[in-house]
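Biologist: Before we discuss the terms used for this model, please show me the sequence and the structure. I shall then ask what each term rests on.

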Amino acid sequence: MALKHFFRRPDYRSETTQFIDQMKVDKPALEAQQRQGRDLLWDKQVDRMEQQEFKSGHVAQKPYVYQTLA
(Lines give C-alpha, C1' and ligand atoms only; values in the text may rest on other atoms or scores of the structure.)
Protein backbone atom coordinates (compact mmCIF):
# COMPACT_ATOMS: atom_id res chain seq x y z
CA MET A 1 0.00 0.00 0.00
CA ALA A 2 1.52 3.29 -1.07
CA LEU A 3 1.48 6.17 1.37
CA LYS A 4 -0.21 9.31 0.19
CA HIS A 5 1.13 12.48 1.62
CA PHE A 6 -1.78 14.49 2.91
CA PHE A 7 0.06 17.82 2.83
CA ARG A 8 1.90 17.23 -0.46
CA ARG A 9 1.69 20.19 -2.78
CA PRO A 10 1.50 19.81 -6.55
CA ASP A 11 4.86 19.88 -8.28
CA TYR A 12 5.99 23.48 -8.31
CA ARG A 13 8.40 24.87 -10.90
CA SER A 14 9.60 28.42 -10.40
CA GLU A 15 9.79 30.91 -13.23
CA THR A 16 13.57 30.74 -13.02
CA THR A 17 13.59 26.95 -13.41
CA GLN A 18 11.18 27.19 -16.31
CA PHE A 19 13.39 29.84 -17.95
CA ILE A 20 16.53 27.71 -17.58
CA ASP A 21 14.78 24.62 -18.92
CA GLN A 22 13.49 26.57 -21.92
CA MET A 23 16.94 28.05 -22.54
CA LYS A 24 18.44 24.53 -22.56
CA VAL A 25 15.83 23.49 -25.13
CA ASP A 26 16.49 26.57 -27.29
CA LYS A 27 20.29 26.23 -27.08
CA PRO A 28 21.28 22.56 -26.78
CA ALA A 29 25.02 23.37 -26.98
CA LEU A 30 24.84 25.68 -23.94
CA GLU A 31 25.81 23.05 -21.37
CA ALA A 32 28.83 21.94 -23.44
CA GLN A 33 29.95 25.56 -23.71
CA GLN A 34 29.62 25.97 -19.94
CA ARG A 35 31.77 22.88 -19.40
CA GLN A 36 34.42 24.22 -21.79
CA GLY A 37 34.50 27.49 -19.86
CA ARG A 38 34.84 25.63 -16.60
CA ASP A 39 37.70 23.55 -17.99
CA LEU A 40 39.41 26.72 -19.16
CA LEU A 41 39.21 28.53 -15.82
CA TRP A 42 38.83 25.98 -13.02
CA ASP A 43 39.70 22.37 -13.80
CA LYS A 44 43.49 22.51 -13.86
CA GLN A 45 46.12 19.86 -13.26
CA VAL A 46 48.04 20.68 -10.07
CA ASP A 47 51.83 20.46 -10.10
CA ARG A 48 52.54 19.18 -6.57
CA MET A 49 56.22 20.17 -6.58
CA GLU A 50 55.43 23.72 -7.66
CA GLN A 51 52.71 23.94 -5.03
CA GLN A 52 55.13 22.72 -2.34
CA GLU A 53 57.72 25.33 -3.39
CA PHE A 54 55.06 28.02 -3.25
CA LYS A 55 54.04 27.00 0.28
CA SER A 56 57.66 26.85 1.47
CA GLY A 57 58.16 30.48 0.40
CA HIS A 58 55.34 31.69 2.66
CA VAL A 59 56.29 34.52 5.03
CA ALA A 60 54.45 34.61 8.33
CA GLN A 61 52.28 37.67 8.90
CA LYS A 62 53.04 39.89 11.90
CA PRO A 63 50.36 39.89 14.60
CA TYR A 64 49.63 43.62 14.28
CA VAL A 65 49.74 44.29 10.55
CA TYR A 66 48.62 47.93 10.77
CA GLN A 67 51.07 48.95 13.45
CA THR A 68 54.04 50.93 12.10
CA LEU A 69 57.58 50.58 13.40
CA ALA A 70 57.77 54.28 14.31
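Biologist: Why is R35 called exposed?

Modeller: Exposed means over 50% relative accessible area, buried means under 20%, and partly exposed is in between (1.4 Å probe, protein chains only). R35 has a relative accessible area of 53%, and therefore counts as exposed. The model is predicted: local features need pLDDT of at least 70, side-chain atom pairs count only at pLDDT 80 or more, and totals for chains, interfaces and linings use all residues. Residues are numbered from 1 along each chain as its sequence is written, and side-chain values use heavy atoms, with hydrogens and water left out.

Biologist: What makes R35 and E31 a salt bridge?

Modeller: The term requires a side-chain nitrogen of Lys or Arg within 4 Å of a carboxyl oxygen of Asp or Glu. The closest N and O atoms of R35 and E31 are 3.1 Å apart, and the pair forms a salt bridge. Both residues lie in helix α2, four residues apart, about one turn of the helix. An α-helix has 3.6 residues a turn, so residues three or four places apart point the same way. E31 is partly exposed, because its relative accessibility is 38%.

Biologist: How many salt bridges does the structure hold?

Modeller: There are two. One of them joins the side chains of R13 and D21, at 1.8 Å from N to O. R13 has 44% relative accessibility and so counts as partly exposed. D21, at 29%, is partly exposed as well; this residue lies in helix α1 (residues 15-26).

Biologist: Why is α2 said to lie largely in the open?

Modeller: Of its 12 residues, the number buried is one, so α2 lies largely in the open. Helices are DSSP runs (H or I, at least four residues), numbered from the N terminus.

Biologist: What makes L40, L41 and W42 a nonpolar patch?

Modeller: Patches are made of residues with over 30% relative accessible area and no salt bridge; nonpolar side chains (Val, Leu, Ile, Met, Phe, Trp, Tyr) are joined within 5 Å, like charges within 9 Å. L40, L41 and W42 form such a patch on the surface, with about 440 Å² of accessible area together. L41, in helix α2 (residues 30-41), counts as exposed because its relative accessibility is 60%.

Terms used
Accessible areas come from the Shrake-Rupley method with a 1.4 Å probe; for residues, only the protein chains shown count as cover. Helices (H or I, at least four residues) and strands (E, at least two) are DSSP runs, numbered from the N terminus.
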